[in-house]
Amino acid sequence: MHEVLHPIQRMLAANAQWADDVSETEPRFFEESAKGQSPHVPGVNFSPKTFWIGCADARVPDSVITAARPGEIFVHRNIANQLRLDDHNVLSALRYAVDYLGVQHVIIVGHTECGGAAACLGAAQSPSLSLDGPITTISSLPVESALNRWLEPLTRIAASLQVSSIPHAEALPLIQVENLANTQTITDAWTKGTRKGQAVWIHGWVYELKTGRLRDLNISRGLLVQAV
């Protein structure tokens with residue numbers, strides 16, 4: 001029992017130490033944080049300007065690899081950093097980020113050695129792939145499993161776009177940034193403006209696990225009349 005609980009106990013102890021350290025150096029930090037993350041709250045500086053859509057992979061913690069403080073990045077993470085146009089989870093987070101938090105930058109962040117990307121692109125290149133029915137991206141799981149259902153749209157996109165010549169880590173952000181540009185939230189921001197009047201730009205990045213560096217894929221989009 002002790003071995004099972006040890007990682008949990010370690011996390012709780014580390015959190016307590018972190019909270020103590022922050023309170024010692026910035027006594028009002030948590031008090032201010034508790035007031036909210038919206039810029040309209042007087043005296044609160046917790047207003048994120050960036051919405052990060054990344055992979056759930058534990059090796060790519062957004063705040064750690066960017067040395068960000070709590071309150072600086074609004075985050076959504078899932079398997080293979082997908083931005084699906086039928087996923088109300090990410091679409092609601094996007095709408096909230098743009099309209100109510102006033103974020104200026106939405107970033108799709110892929111990473112090297114991504115298991116989800118490799119599985120989707122591998123299945124898309126399989127000679128036995130058929131697009132006429134449900135797709136089993138992960139062959140060891142039933143076709144109706146939650147993971148296969150989640151990955152199927154990405155496998156279909158990869159097959160239709162024939163992205164086999166593009167590195168896995170780059171292919172996913174390229175696909176997802178295109179989806180992002182077609183969301184109602186981004187379309188509204190670019191054609192009608194935003195509730196808070198901010199410019200909105202979308203970007204595609206890749207995190208290199210072997211170096212710890214983020215790489216800009218130079219596929220950013222926004223209105224030319226808007227300033228970053």
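Predicted model: local features only at pLDDT ≥ 70, side-chain atom pairs only at ≥ 80, totals over all residues.
Is Glu178 buried, partly exposed or exposed? With a relative accessible area of 37%, Glu178 is partly exposed, where buried means under 20% relative accessible area, exposed means over 50% and partly exposed lies in between, for a 1.4 Å probe and protein chains only.

Residues are numbered from 1 along each chain as its sequence is written, and side-chain values use heavy atoms, with hydrogens and water left out.

## Overall layout

The secondary structure of the protein comes to eight helices and five strands, taken as DSSP runs numbered from the N terminus, with at least four residues of H or I for a helix and at least two of E for a strand. Along the sequence they follow the pattern α-α-β-α-β-α-β-α-α-α-α-β-β. Of the 228 residues of the protein, 40% count as buried. Among contacts (heavy atoms within 4.5 Å) between residues at least 6 apart in sequence, 61% join residues at least 24 apart.

## Aromatic pairs

A search of the whole structure finds six aromatic pairs, a pair being rings of Phe, Tyr or Trp (its six-membered ring) with centres within 6.5 Å, called stacked if the planes are under 30 degrees apart, edge-to-face if over 60 and tilted for the rest. Two of the pairs are set out here.

| Pair | Distance of centres | Angle of planes | Kind |
|---|---|---|---|
| Phe51 and Phe74 | 5.3 Å | 45 degrees | tilted |
| Trp52 and Trp205 | 6.5 Å | 90 degrees | edge-to-face |

The pair of Phe51 in strand S1 (residues 50-55) and Phe74 in strand S2 (residues 73-78) links distant parts of the chain, 23 residues apart. Phe51 counts as buried at 0% relative accessibility, and Phe74 counts as buried at 15%. Phe51 and Phe74 also form one aromatic cluster with Tyr96 and Tyr100.

Trp52 lies in strand S1 and Trp205 in strand S4 (residues 201-208), so their pair ties together parts that are 153 residues apart in sequence. Trp52 counts as buried at 2% relative accessibility, whereas Trp205, with a relative accessible area of 22%, is partly exposed.

## Helices

Helix H5 (residues 115-124) and helix H6 (residues 146-161) pack at an angle of about 50 degrees, with their axes 8 Å apart. That angle makes H5 oblique to H6, since angles under 35 degrees count as roughly parallel, over 145 as roughly antiparallel, 65 to 115 as roughly perpendicular and the rest as oblique. Cys120, Leu121, Ala123 and Ala124 in H5 meet Leu151, Leu154, Thr155, Ala158 and Ala159 in H6. The residues of this contact divide into eight nonpolar, one polar and no charged, where Ala, Val, Leu, Ile, Met, Phe, Trp, Tyr, Cys and Pro count as nonpolar, Asp, Glu, Lys and Arg as charged, and the others, Gly among them, as polar.

In helix H8 (residues 184-191), the buried residues are Thr185, Ile186, Asp188, Ala189 and Trp190. H8 is followed by Gly193, which has a positive phi near 90 degrees.

Notes
Axes fitted to C-alpha atoms, helices over the stretch in contact; angles between N-to-C directions.
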